[in-house]
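Me: Please take a close look at the aromatic rings in this model. I would like to know how they pair and where they sit.

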Amino acid sequence: MSERRENEEQEVKEYEEEEEDTDTNVEPGGNTVEQPAEDDREPGRRGEEEQEDRTTPDVLEAAEEAESDLQDGLIGPGNTAEVGNSVATDVLETVEEAETQADLSHDAEQLGEPQRTEHVGNSTATVKVVLVPEGHVMTVAFAIGLSIAQLKLHLANELRVPADVLHIFLDGRAVDEQQSLMELGVRPNGSTRMEMSSIDPDSHPLRPLRPPEQDNMPDVITVRVQTEENMFREVVVEIERPPQQKAFLGGFKHRLTGAQYHHAAMQTLPKRRADRGVVLFSRNTQTVELQSEAQQCPLDASSQMTGIGCYVSCMDDKLVAPGNYITADQYHEERLRAVVVLQTFARRWLALQEVQRLRRDRDRRLVWLELQERKRREEKEEQLKDRRRRWVNPQRREDFNLLYHALEKWRSEEEQQINSSLRGAERKAALCFLLETETQLIAAIGHHRIAFQNNNYDKVVRNLLDKSAAPHQWRAADGRLIEMDSEHTVRAGELRDLYNTINLNSESQEQRLEHLLTLRHTVKEHECQLTRDIVDLIDREADLMTRQVKVASLQGLRKRISTLFLQFIKTPAFNPEVAKHLKVPQNPSQLKNDMFQCRGCQRYLQSSDFSPTAGARLSGRCRDCTGLDNIARSRDDFSCYRNILRRLRSDEMRLNQDAKIPFLLQVEDVRYLVEVLWASRSALHGSSDLYSLVFVRWEKRRVWSPWNCILLSKEETSAHLEVDDVHKAYEVTFLRRVDHKHTLARRHFSSVPVMAEHLEPTVTLGNQLVSKPVNMATGKPTVHTPAGSAH
């Protein structure tokens, strides 16, 4: 133990002799300047340099750690308490000598003894720089002998901005760059506060670039050291931040306070290995191929028993009784039973998983069916609600047809009840009363229709005027919508605004006279009988208004002016843009080519006034005569068939964008298919609710056509569309009935030229009619030849 202690004391003495032989001084930039040996230096400077060197931050921190370790009684790993106490005592003595020399130097400075300016200029001071306007504070330790320009260069390097954009202020005034900190009144180990701003804050803002994890530790700290009893001194310590992460090499921990003290290697920069000029890379370490191989190592065991010269105790021995001998067959049978048990549990788990999957599928299926049923129910309720709304407030011709259809249905039921329950004079009286009631209901519907037409008159006129005043529109090459106003559209817009102004009722007498004067000047631009009549009516209304005639008495006159001015607007000679929106074309050649005579009203009308069928042939009567005949005789309602046609077109557009046949059909053709061919019933279950019937494809791989369709209810549609081959899914009787209806549809539409182009020819094979698909490009039947056969 004594030899180890003597060796450690000898190492401490050698370390102190090395420190006495060589001294270093740390500059602010981090460079070290080697000082001459102690014997070669001047006597006056020796004490000062010893004072500065021995009061460096590293020695002071080591002294504080050693002192705290002594007080706490800490023992590091691998060191004894005696060695730790001796080392700490030596370090404390060194610190006390340095502080004594520092006090003597300070007293000599106060007594006026000369000091070397070179040594004073190398002393450091704490400089706190406030970045304006951000308010960040940078703290640096800087030599007081260096100039402000060098301080700017240091700060510019820290902030990564040019040095010429920085301005430093002290107490609100600019600082000369040639002055040093000592000239500005900063004393050694003192502190000062300055402000710094940027000339160009947009391009070069002042922001500290230090990572957030280093912002918690300042650049410079002040350590308070006790020199004597009740005497303390503050020492400035600069914090060095190495770029690499240091390895943890151990340390000490206070048992009472929990404070941790690291070894000196954690507080000093690591030693850089000298460059020997040789690249330390080995080709073998980069190209070696590793191979893993298992090895069976031998296991040695030994036993010992009592013999001559050796006694082994048998107190801990155990008596083992032999059991039943198990043969190989029994062992394998036991293993087989265990495997069967495992497979049983595994299969049970798999069966549970499959049952749960089927249950989830069933639940999803039930939820989907319920959702579809709710959707169909809501759709039907919406249709019935729309039908009731159309009954209460009819707005279109189809709505009035619905009223007449309901009236005819009520009349037929009442007539059937009267014929079945009454006889003789009572029957005749009841029929007469029924006829009077029907007449009153027809009159009520007619009055409502006339009122509806009067209310829609203003809307029709407004739409005509807006269309004539609308600008010309077309699509550009890039898809943009381009609008252009011509002189005719501008003229139409002015006439539209003037017409709307003339029809205003809530206006004063002065405004009315002003509008009439504007209308007079507008129509007097053209001289004809129509304009003269309008001017006469305007003069008459102006004269009556000056005589204080009531407004109610002028309503008829104002209606005549509005009607004549509307006729003026509809004249292409006065408003050329309205010509394209008139029903009667102005060109006589068009009247000759596109005019047809109605066999009902004997009028010559355009083709647009007739309702065409699927064959593009015009019926003999116009739409007005057809509607009047429907009201007087059959009183049919085609809204159900129109809904079926609309549903068919939307479904086919979703399946095939090039579908043509559904758009060639008209409402009358759908009515023929539903009533005549399919008897207004579902082909599967015979449902007769027209609001739930739809047309779908018979064979889903072929396009829809009257000879490739089937009428089903909405509930049956989803099941039928899942069938891949209808000839395997349905019975022969049902297939023959559907084929017969397709043959009738093909025969009915074969006389239509437009539908005949899409008709598939049939070929008789035995007793069955087989249809050949038609090539849409050539219009010829497509023949399928088996592979290997000759044409």
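Reply: A residue is called buried under 20% relative accessible area, exposed over 50% and partly exposed in between, with a 1.4 Å probe and protein chains only. The model is predicted, so local features need pLDDT of at least 70 and side-chain atom pairs count only at pLDDT 80 or more, while totals for chains, interfaces and linings use all residues. Residues are numbered from 1 along each chain as its sequence is written, and side-chain values use heavy atoms, without hydrogens and water.

Rings of Phe, Tyr and Trp (its six-membered ring) pair if their centres lie within 6.5 Å; planes under 30 degrees apart are stacked, over 60 edge-to-face and the rest tilted. This rule gives eight aromatic pairs. In one of them, phenylalanine 695 and tryptophan 704 are edge-to-face, because their planes stand at 70 degrees, with the ring centres 6.0 Å apart. Tryptophan 704 has a relative accessible area of 2% and is therefore buried; phenylalanine 695, at 4%, is buried too.

Tryptophan 698 and tyrosine 730 make a stacked pair, with 5.6 Å between centres and 25 degrees between planes. Tryptophan 698 belongs to the loop between β16 (693-697) and β17 (709-713), and tyrosine 730 to the loop between α21 (726-729) and α22 (732-749), so the pair ties together parts 32 residues apart in sequence. Helices (H or I, at least four residues) and strands (E, at least two) are DSSP runs numbered from the N terminus. Both tryptophan 698 and tyrosine 730 are buried.

Elsewhere, one aromatic cluster is formed by Tyr499, Phe565, Phe568 and Phe574.
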